[in-house]
Amino acid sequence: YHIMNIEGLKPTKEKFDELLEDYAILEMKNKGNTEEDYQTKDEYLAAVKEYKEKLIKDRGEDYFKSAFYYEIGMDAIVSYANVVEKSE
């Protein structure tokens, strides 16, 4: 969290919603629900919104915050890594 705050990587509410929507779409797709299964784009977007709400209700917002923070934070930590050869 400290690195995320220093580097300005902590996601905004909009970014959190975007990540959650991406996650919901992926999970829906894994269950066999794709945009083609709906008659209109609006129906599909409503289904995605409903699924996002179900995810939050079932797992809690803190679960997703932790998961998304970890994903974003680990990318930053890994980007700072210096790989060196060990000399003997």
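**View 1. Crossing of H2 and H4.** The axes of H2 and H4 cross at roughly 95 degrees and come within 11 Å. The two helices, H2 and H4, are therefore roughly perpendicular to each other. On the H2 side the contact is made by Phe 16, Leu 19, Leu 20 and Tyr 23, and on the H4 side by Glu 61, Phe 64, Lys 65, Phe 68 and Ile 72. By class, the contact of H2 with H4 has seven nonpolar residues, two charged residues and no polar ones. The model shown in this and the following views is predicted.

**View 2. Phe 68 of H4.** Phe 68 lies in helix H4. Its relative accessibility is 6%, so Phe 68 counts as buried, the cut-off for buried being under 20%. Leaving aside neighbours within four places in sequence, Phe 68 is in contact with Phe 16, Leu 19, Leu 20 and Tyr 23. Phe 68 and Lys 15 are 53 residues apart along the chain, and their C-alpha atoms are separated by 9.9 Å.

**View 3. Glu 71 of H4.** Glu 71 is also found in helix H4. At 47% relative accessibility, Glu 71 counts as partly exposed. In sequence, Glu 71 and Leu 26 are 45 residues apart; in space they are 16 Å apart, C-alpha to C-alpha.

**View 4. Helix H2 and its buried residues.** H2 has 18 residues, which should span 26 Å at 1.5 Å a residue, and the 26 Å between its end C-alpha atoms agrees with this. The buried residues of H2 are Phe 16, Leu 19, Leu 20, Ala 24, Glu 27 and Met 28. These buried residues pack against H3 and H4. Just after H2 comes Gly 32, which takes a positive phi of about 95 degrees.

**View 5. Crossing of H2 and H3.** The axes of H2 and H3 come within 9 Å and cross at roughly 100 degrees. H2 and H3 are therefore roughly perpendicular to each other. H2 contributes Asp 17, Leu 20, Glu 21, Tyr 23, Ala 24, Ile 25, Glu 27 and Met 28 to the contact, and H3 contributes Tyr 44, Ala 47, Val 48, Tyr 51, Lys 52, Leu 55, Ile 56 and Arg 59. The residues of the contact of H2 with H3 divide into eleven nonpolar and five charged, with no polar ones.

**View 6. Lys 52 of H3.** Lys 52 is found in helix H3. With a relative accessibility of 16%, Lys 52 counts as buried. Not counting residues up to four places away in sequence, Lys 52 touches Asp 17, Leu 20, Glu 21 and Ala 24.

View 7. H3 covers residues 41-59, and its 19 residues reach 27 Å from the first C-alpha to the last, close to the 27 Å expected at 1.5 Å a residue. The buried residues of H3 are Tyr 44, Ala 47, Val 48, Tyr 51, Lys 52 and Leu 55. Seen down the axis of H3, its buried residues fall within an arc of 140 degrees, so they line one face of the helix. An α-helix has 3.6 residues a turn, so residues three or four places apart point the same way. What covers the buried residues of H3 includes helix H2 (13-30) and helix H4 (61-79). On the other side of H3, the exposed residues are Asp 42, Lys 49, Glu 50 and Lys 57. H3 is followed by Gly 60, which has a positive phi near 90 degrees.

**View 8. Crossing of H3 and H4.** The axes of H3 and H4 are 6 Å apart, and the helices pack at an angle of about 100 degrees. That makes H3 roughly perpendicular to H4. The contact is made by Leu 55, Ile 56 and Arg 59 of H3, together with Glu 61, Tyr 63 and Phe 64 of H4. By class, the contact of H3 with H4 has four nonpolar and two charged residues, and no polar ones.

Key
Residues are numbered from 1 along each chain as its sequence is written. This is a predicted model: local features need pLDDT of at least 70, side-chain atom pairs count only at pLDDT 80 or more; totals for chains, interfaces and linings use all residues. Side-chain values use heavy atoms; hydrogens and water are left out. Helices (H or I, at least four residues) and strands (E, at least two) are DSSP runs, numbered from the N terminus. The expected span of a helix is 1.5 Å times one less than its number of residues. Buried means under 20% relative accessible area, exposed over 50%, partly exposed in between (1.4 Å probe, protein chains only). The arc is that of the directions from the helix axis to the C-beta atoms. Contact means heavy atoms within 4.5 Å. Axes are lines fitted to C-alpha atoms, for helices over the stretch in contact, and angles run from 0 to 180 degrees between N-to-C directions. Angles under 35 degrees count as roughly parallel, over 145 as roughly antiparallel, 65 to 115 as roughly perpendicular and the rest as oblique. Ala, Val, Leu, Ile, Met, Phe, Trp, Tyr, Cys and Pro count as nonpolar, Asp, Glu, Lys and Arg as charged, and the others, Gly among them, as polar.
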